[in-house]
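Subject: Structure handover

Hello,

Please have it open while you read.

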Amino acid sequence: MHIGVLTGGGDCPGLNAVIRAIVRKGVSVYGHEFSGFRDGWRGPVEGDARPLGIAQVRGILPRGGTILGSSRTNPYKVENGVDRIRENLEKLGVEALIAIGGEDTLGVAKKLTDEGIPVIGVPKTIDNDLGATDYTFGFDTAVTVAVEAIDRLHTTAESHHRALVVEVMGRHAGWIALHSGLAGGANVILVPEMPFDLDDVIKHVESRFATQYAPILVVAEGATPKEGAEVLKSGDLDAFGHVRLGGIGQWLAERIEERTGKESRAVVLGHVQRGGSPTPFDRVLATRFGLHAIDAAHERDWGRMVALQGTDIVRVPIEEATRELKTVPLSRYAEAEVFFG
Ligand code: F6P
């Protein structure tokens with residue numbers, strides 16, 4: 001079979017490990033042929049593909065980003081997008097696709113499958129907010145990067161008797177904030193699932209200063225004060241209708257300085273969290289996803305996505321990943337609250 005592979009949405013450490021596993025097993029065990037589509041759904045829409053063989057995937061296991069490129073192109077927002085995909089696949093002789101992506105890429109994959117274009121999904125996001133899978137690859141790397149930063153910030157916060165607010169990614173889910181805050185010994189963790197009371201945050205900051213330690217606050221980019229709205233970078237929407245989040249860290253640092261008189265600084269980790277080499281955990285998870293995705297394609301089990309449940313890789317309908325955002329349960333957040341202040 002001739003199979004097309006694409007990576008869509010924000011890049012994520014481990015994408016190359018998935019591509020490598022698909023191609024290595026697909027060629028050596030099943031004898032399939034592959035094309036790599038460029039830049040997510042833009043590739044199939046514009047017929048932009050290149051041959052993808054074992055030679056092209058050599059040495060990419062530890063590499064961050066994606067050798068295929070990525071974009072947030074939505075074929076349903078492009079004129080005749082789906083027809084163009086159909087025509088291009090036919091022209092290239094590509095019979096099926098493996099789409100590696102988050103809720104947007106997989107949402108398109110599900111719709112295309114319903115329209116008769118055979119697709120297998122592989123879940124990807126540093127945000128860890130997809131349903132049906134316990135973890136997505138990229139999340140562990142993002143948390144590792146954030147924890148390294150928090151560890152370093154502790155020492156400078158203490159030296160300068162400052163409050164340091166660390167803003168992390170995660171969109172509308174607080175997983176990166178929760179895990180990096182817990183692992184990094186943060187004194188306050190703020191997540192989108194639990195709008196925060198500024199007075200409580202200030203109390204935690206003051207009690208931390210009273211113990212002669214400087215407070216570190218980890219705030220998810222989607223966290224909001226009880227009285228207020230999300231802080232947005234701009235009102236612009238991407239092709240899937242998402243706003244760009246960011247700025248809550250700076251907002252909070254300014255409020256802390258006003259209310260406590262203590263110097264406060266905000267550190268925005270931004271795309272550093274998505275960059276660079278995947279952790280061993282993410283390499284293994286991504287590799288296993290790739291191996292199971294090519295099995296699913298070989299068996300023509302279209303419309304399915306691979307997922308991690310416990311320690312097993314299973315197959316679920318693609319829509320299970322996107323039906324509902326997997327957010328931080330309040331009981332998990334409550335566990336972390338013990339360490340606040
Ligand atoms: O979904 C991954 C993610 O990194 C989010 O955590 C973040 O809000 C968003 O992508 C940023 O998107 P972009 O790279 O398009 O600015």
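Let's start at the ligand: a polar side-chain atom of arginine 274 lies 2.8 Å from one of the ligand's oxygen atoms. (A polar contact is a pair of N or O atoms within 3.5 Å; within protein, one must be able to donate a hydrogen and the other to accept it, and residues adjacent in sequence count only if both atoms are side-chain atoms.) Taken alone, the ligand exposes 400 Å², of which the protein buries 80% (areas by the Shrake-Rupley method with a 1.4 Å probe; for residues, only the protein chains shown count as cover).

Before going further, please note that this is a predicted model, in which local features need pLDDT of at least 70 and side-chain atom pairs count only at pLDDT 80 or more, while totals for chains, interfaces and linings use all residues. Residues are numbered from 1 along each chain as its sequence is written, and side-chain values use heavy atoms, with hydrogens and water left out.

Back at the ligand, glutamate 221 places a polar side-chain atom 2.5 Å from a ligand oxygen, and for arginine 72 the corresponding distance is 3.0 Å. The residues around the ligand also include Ile126, Asp127, Met169 and His271 (a heavy atom within 4 Å of the molecule).

Now to the charged pairs. The whole structure has 16 salt bridges (a side-chain nitrogen of Lys or Arg within 4 Å of a carboxyl oxygen of Asp or Glu). One of them joins arginine 42 to glutamate 46, with the closest N and O atoms 2.6 Å apart. These two are four residues apart in helix α2 (residues 42-46), so about one helical turn separates them. (Helices are DSSP runs of H or I, at least four residues; strands are runs of E, at least two; both are numbered from the N terminus.) Both residues belong to a network of salt bridges that also links Asp39 and Asp48.

Another salt bridge brings arginine 162 and glutamate 263 together at 3.2 Å, N to O. Arginine 162 sits in the loop between α5 (139-160) and β6 (163-168), and glutamate 263 in the loop between α8 (248-260) and β11 (264-268), so the pair ties together parts 101 residues apart in sequence. Arginine 162 is buried at 16% relative accessibility, whereas glutamate 263 is partly exposed at 34% (buried is under 20% relative accessible area, exposed over 50%, partly exposed in between; 1.4 Å probe, protein chains only). Glutamate 263 also forms a salt bridge with arginine 265, again 3.2 Å from N to O.

Best wishes
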